[in-house]
2 protein chains.
Amino acid sequence: MEVHETYDKYDKYAHEPFAVTVDLAVLTLRSGVLHVLLVERGHEPYAGQWALPGGFVRPDESAETAALRELAEETGLGDVSNVSGLHLEQLRTYSEPGRDPRMRVVSVAFAALLPHAPEAHGGGDAVQARWLPYDAAGPLAFDHDRILAEAHDRVGAKLEYTCLATAFCPPEFTLGELQQVYETVWGTGLDRPNFRRKVLATPGFVEPVPGAARLTGGRGKPAALYRAGTATALHPPLLRPPREGHPA
Amino acid sequence: MEVHETYDKYDKYAHEPFAVTVDLAVLTLRSGVLHVLLVERGHEPYAGQWALPGGFVRPDESAETAALRELAEETGLGDVSNVSGLHLEQLRTYSEPGRDPRMRVVSVAFAALLPHAPEAHGGGDAVQARWLPYDAAGPLAFDHDRILAEAHDRVGAKLEYTCLATAFCPPEFTLGELQQVYETVWGTGLDRPNFRRKVLATPGFVEPVPGAARLTGGRGKPAALYRAGTATALHPPLLRPPREGHPA
DNA sequence: AGAATAGTGTCTTTAAGACAGTATTGA
DNA sequence: TCAATACTGTCTTAAAGACACTATTCT
């Protein structure tokens with residue numbers, strides 16, 4: 001159990017208390033480029049530097065609830081339950097003493113994936129919030145570079161064996177858009193016919209929207225539209241091409 | 001960042017503080033059966049019930065350090081750095097208000113895998129600690145059934161695409177023993193020749209111990225011995241056989 | 001007509017599933 | 001000699017990779 005026998009008469013005010021916070025790696029695709037939501041810090045430490053959005057978990061909240069609240073505040077999306085296809089997932093908890101110089105902070109990190117990305121404004125605070133390209137996003141305050149990198153790793157891995165990619169897409173999307181999610185997050189190119197075959201051969205990954213089509217690049221054949229299906233797992237997985245020096 | 005602007009002048013003693021604890025799902029194989037380390041609670045709430053081992057994170061510790069300390073205390077292994085092949089991995093953090101009736105407890109859950117399992121004794125406390133078969137391990141105190149189930153899920157999933165299975169094995173093991181790890185955790189049978197082919201075809205999964213062999217069942221041909229290799233990932237993965245109603 | 005994008009078909013290659021058969025040991 | 005376990009080989013099947021090709025739209 002959590003509360004060890006030795007501590008049953010523990011005076012919970014006798015020690016320096018832990019602050020519990022959430023940090024959010026909010027990812028989206030804008031014009032085929034992976035972007036992350038960052039806030040500019042107004043105070044020391046790390047004043048003027050970019051950081052992941054986040055904040056305290058309030059006494060009546062779970063970390064998940066706090067993460068959703070912060071997400072709503074920082075993205076300016078208002079009620080986050082509006083956001084169709086939002087994916088919020090716990091990454092892991094960072095608890096090293098000294099990661100915040102002011103006090104003992106234990107932070108639960110989340111990855112959030114959004115389909116469309118409205119311009120951000122800094123919530124109720126004076127700080128600036130912006131979408132920045134993932135590749136241009138360092139160095140961040142605190143240990144946030146590491147959190148962001150782990151979020152990226154995790155999302156890339158989950159694309160292989162889950163249907164997570166649809167969380168980056170609007171409610172109706174083309175297979176080309178879905179493929180671009182994979183290519184952007186993985187940083188590799190994929191063969192279009194083979195990608196198509198794999199996605200359509202996985203029951204429940206996507207469902208066709210009958211009759212609907214969308215012109216993508218201004219010219220060319222309009223692409224059929226699909227919706228996210230009901231499946232969550234991919235069996236067998238859609239493996240990313242093995243990088244050189246890392247073959248099977 | 002963690003500490004939100006609004007809270008920079010936050011009085012850290014003004015609110016009910018959070019207690020931060022770790023909970024450990026310690027898994028091992030004993031005679032081909034998956035076992036979990038449990039402690040019997042001596043106090044309310046849940047007095048007399050089994051629970052996962054765990055305890056407070058101390059002011060100078062990270063959650064990982066606290067988990068290793070608890071692991072050493074509860075398993076009676078002494079210094080845990082002795083344990084070759086130990087695998088410790090964060091699962092996720094449970095922070096729902098009310099999960100401990102006494103106070104606000106945020107718990108970082110870990111899964112730990114051990115190769116051999118010495119009999120447990122209850123650490124420095126009067127509580128009993130025992131290895132129980134995984135299937136006989138419910139119902140547990142607090143939300144520990146859920147944590148344990150998630151640990152099992154996670155380990156099963158990681159067997160597919162990592163070399164984690166060797167963490168359940170002693171330093172030198174047979175391919176039959178390695179296969180039994182998969183079969184036990186997944187609860188399925190595997191074809192021996194195919195398993196062998198897959199493992200040996202994955203560079204760095206296992207390395208042969210030249211000349212060594214061990215008699216396993218008292219009779220039959222002695223099996224060649226292997227050590228864990230240097231690889232950590234399995235590409236392509238070793239997928240568990242799809243269950244009925246859950247095909248590709 | 002030509003560029004651009006979407007979609008189809010097919011051959012090859014890889015890897016997994018199934019399973020027959022051989023090898024080496026103790027009782 | 002038989003049961004028990006370890007190991008090898010091979011045929012079949014499933015799925016991915018690598019294309020060549022057709023289709024529909026805009027300029």
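A residue is called buried here if 20 or more other C-beta atoms lie within 10 Å of its own, and exposed if 12 or fewer do. The exercises below use this definition on a model that is predicted.

**Exercise 1. Decide whether Leu148(A) is buried or exposed, and find which residues it touches.**

Start with the location, which is helix H2 (residues 144-161) of chain A. Next comes the count: Leu148(A) has 23 C-beta neighbours inside 10 Å, and because the cut-off for a buried residue is 20 or more, it counts as buried. Leaving out residues up to four places away in sequence, Leu148(A) touches Ala25(A), Val36(A), Leu52(A), Ala137(A) and Leu140(A).

**Exercise 2. Work out how the two domains of chain A meet.**

The domain assignment gives domain 1 (12-144) and domain 2 (162-228), and the C-alpha centres of these two domains lie 29 Å apart. Where they touch, 11 residues of domain 1 are in contact with 12 residues of domain 2. On the domain 1 side, the elements that give two or more residues are strand S1 (19-30) and strand S2 (33-40) of chain A, and the residues of that side divide into five nonpolar, six polar and no charged.

**Exercise 3. Characterise Ser31 in both chains, which lies in the loop between S1 and S2.**

In chain A, Ser31(A) has a positive phi of about 50 degrees although it is not a glycine. With 6 C-beta neighbours inside 10 Å, Ser31(A) counts as exposed, because the cut-off is 12 or fewer. In chain B, phi of Ser31(B) is also positive and near 50 degrees, and this residue is exposed with 7 other C-beta atoms within 10 Å.

**Exercise 4. Find how H3(A) and H4(A) pack, and which parts of the protein lie near DNA strand C.**

Begin with the two helices, which pack at an angle of about 100 degrees with their axes 11 Å apart, so that H3(A) is roughly perpendicular to H4(A). The contact joins Leu175(A), Leu178(A) and Gln179(A) of H3(A) to Arg192(A), Phe195(A), Arg196(A) and Val199(A) of H4(A), and by class its residues are four nonpolar, one polar and two charged.

Then turn to the DNA: of the 26 residues around DNA strand C, those that come nearest are Pro193(A), Gly217(A), Gly220(A), Ala224(A) and Pro193(B). The elements that give two or more residues to this surface are helix H3 (175-186), helix H4 (192-201) and strand S9 (223-228) of chain A, together with helix H4 (192-201) of chain B. Sorting the residues of the surface by class gives 10 nonpolar, eight polar and eight charged.

Methods
Residues numbered from 1 in each chain as written. Chains lettered and ligands numbered in written order. Predicted model: local features only at pLDDT ≥ 70, side-chain atom pairs only at ≥ 80, totals over all residues. Domains from an automatic or database assignment. Contact = placed C-beta atoms within 7 Å. Helix = DSSP H or I, 4+ residues; strand = E, 2+ residues; numbered from the N terminus. Nonpolar A, V, L, I, M, F, W, Y, C, P; charged D, E, K, R; others polar. Near = placed C-beta within 6 Å. Axes fitted to C-alpha atoms, helices over the stretch in contact; angles between N-to-C directions. Parallel < 35°, antiparallel > 145°, perpendicular 65-115°, else oblique.
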